[in-house]
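Please keep the view open as you read.

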Amino acid sequence: MLLVRSGGFLARVNGREEFSDPVTGFVLRQGDEVAFAHPADTRDISTRLDLGQDVYGDLLPPAQNPVVPVTAALDLAHRRLVSACRAGIDRFEVAERVHHLLTTVPTPHTLARTGRRAATVQAHRRLVDHTRAVLIDGPPTVSLEELGRQAGCSPFHLSRVFHQVTGQTLNHYRNQLRVRAVAEDLADGHSSLRTLATTYGFADQAHLTRVFRQHTGHVPSAVRAMLRPASQGEWI
């Protein structure tokens, strides 16, 4: 399983292209043919979990749909696992934390068939992947109008296609990226919420806190405490 902490990349798995970023991961299985590309200029930082099919098979998504929607719960479990491993834990705790992480993996989102031509569907997917790469590269303050300009279409068309392809609005996706970026900085020891609010284009510190809590269920200070090196047994 590949989970992205920051950045993003394009993966071709058995001929199927999937864009992976902090909002979307995927599972590879033995024998899969994989190639990677990096349409975003930002360096990606990812975690690879090597999971035995015999042990974790029931918790993994089906082979025909390798995409893993990364919810706030899954993202936080992932970041806490990384933080604990950096601090130093034994194999038993690693296995327990991995099992906890996998129990948060949601069912992949399946969009309804649209009846559109295959060429149109592919063009829409390319448009969405390009937009995701632009948002990852930043700046976080980019406007919807600027996104449309870079994509070569109207903001209305871009917003409509993005929702059709991903099942979520552009604003919701953008906020997920910003919240994950703030979480990454908190894990790295950044403490000034005012500075983080400015860096990631929030109106102010209160706006950052409100959006962060909406997406994670926690205020930034609580997540910062969760991602600090933990004492044995306190993570559950």
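Which residues does Leu 10 touch, not counting residues up to four places away in sequence? Leu 10 touches Glu 17, Glu 18, Phe 19, Ala 35, Phe 36, Ala 37, Pro 39 and Asp 129, where contact means heavy atoms within 4.5 Å.

Before going on, a word on the source: this is a predicted model, in which local features need pLDDT of at least 70 and side-chain atom pairs count only at pLDDT 80 or more, while totals for chains, interfaces and linings use all residues. Residues are numbered from 1 along each chain as its sequence is written, and side-chain values use heavy atoms, with hydrogens and water left out.

**The sheet**

Leu 10 belongs to strand 2; strands (E, at least two residues) and helices (H or I, at least four) are DSSP runs, numbered from the N terminus. Strand 2 covers residues 9-13, and because 4 of its 5 residues are buried, the strand is largely enclosed by the rest of the structure. Buried here means under 20% relative accessible area, with exposed over 50% and partly exposed in between (1.4 Å probe, protein chains only).

An open sheet of 3 strands has the order 3-2-5, with antiparallel pairing; two strands pair if DSSP finds at least two bridges between them. Strand 3 and strand 5 stand at the edges with a single partner strand each, so one side of each has no neighbour in the sheet. On average, neighbouring strands of this sheet are turned by 25° against each other, direction ignored.

Strand 2 pairs with strand 3 (residues 16-20) over 5 bridges, and 4 bridges join strand 2 to strand 5 (residues 34-37). Val 13 stands opposite Arg 16 in strand 3, and its bridge partner in strand 5 is Val 34. Leu 10, in turn, stands opposite Ala 37 in strand 5. Leu 10 and Ala 35 are 25 residues apart in sequence, yet their C-alpha atoms are 8.4 Å apart in space. The hairpin of strand 2 and strand 3 has 2 residues between the strands, and Asn 14 takes a positive phi near 55° there.

Leaving out residues up to four places away in sequence, Arg 132 touches Phe 19, Asp 21, Thr 24, Phe 162 and Tyr 173.

**A helix pair**

Helix 2 (residues 72-87) and helix 3 (residues 91-103) pack at an angle of about 170°, with their axes 9 Å apart. Axes are lines fitted to C-alpha atoms, for helices over the stretch in contact, and angles run from 0 to 180 degrees between N-to-C directions. Helix 2 and helix 3 are therefore roughly antiparallel, the word for angles over 145 degrees. Among the residues making the contact are Leu 74 and Leu 81 of helix 2 and Val 94 and Leu 101 of helix 3.

**An annotated region**

UniProt, in an unreviewed entry, lists residues 125-226 as "domain: HTH araC/xylS-type"; such annotations may be inferred rather than shown by experiment. Over residues 125-226 the chain is 75% helix and 0% strand, and the end C-alpha atoms are 36 Å apart.

Key
Angles under 35 degrees count as roughly parallel, over 145 as roughly antiparallel, 65 to 115 as roughly perpendicular and the rest as oblique.
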